[in-house]
Amino acid sequence: MTTTLDVMGQVCPFPLVEAKEAIEKISAGDELVINFDCTQATESIPRWAAESGYEVTNFELLSEAAWTITIKKK
């Protein structure tokens, strides 16, 4: 199952805070898709995922200042 978290327009650290809360609510093996436009989150979200043992299955630029990242919960 895939859950989408849209945090467009939120400034750091709120995209990361919300991602941490959202991933707790999904089951192991499910994916969390995070859409964001906070430049600092391009570093903090992948780093948090790696440190937490989650797999990043997709990370791409959507537009000039917007990204999407997909994290698989283990």
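Author: A disulfide is taken here as a pair of cysteine sulfur atoms within 2.5 Å, and a search of the whole structure finds 1. The model is predicted, so local features need pLDDT of at least 70 and side-chain atom pairs count only at pLDDT 80 or more, while totals for chains, interfaces and linings use all residues. Residues are numbered from 1 along each chain as its sequence is written, and side-chain values use heavy atoms, with hydrogens and water left out.

The link joins Cys12 and Cys38, whose sulfur atoms are 2.2 Å apart, and with -130° about the S-S bond it is left-handed. Because Cys12 lies in the loop between strand E1 (2–6) and helix H1, and Cys38 in the loop between E2 and H2, the pair ties together parts that are 26 residues apart in sequence. Helices (H or I, at least four residues) and strands (E, at least two) are DSSP runs, numbered from the N terminus. Cys38 is buried, with a relative accessible area of 9%, where buried means under 20%, exposed over 50% and partly exposed in between, using a 1.4 Å probe and protein chains only.

After H2 comes Gly53, with a positive phi near 85°.

Further along, strands E3 (residues 55–63) and E4 (residues 66–72) pair in the antiparallel sense over 7 bridges, pairing requiring that DSSP find at least two bridges between them. A hairpin of 2 residues joins E3 to E4, and Asn58 has Thr70 in E4 as its bridge partner.

Over the chain as a whole, buried residues make up 41% of the 74 residues. Of the contacts (heavy atoms within 4.5 Å) with a separation of 6 or more, 62% are between residues 24 or more positions apart.
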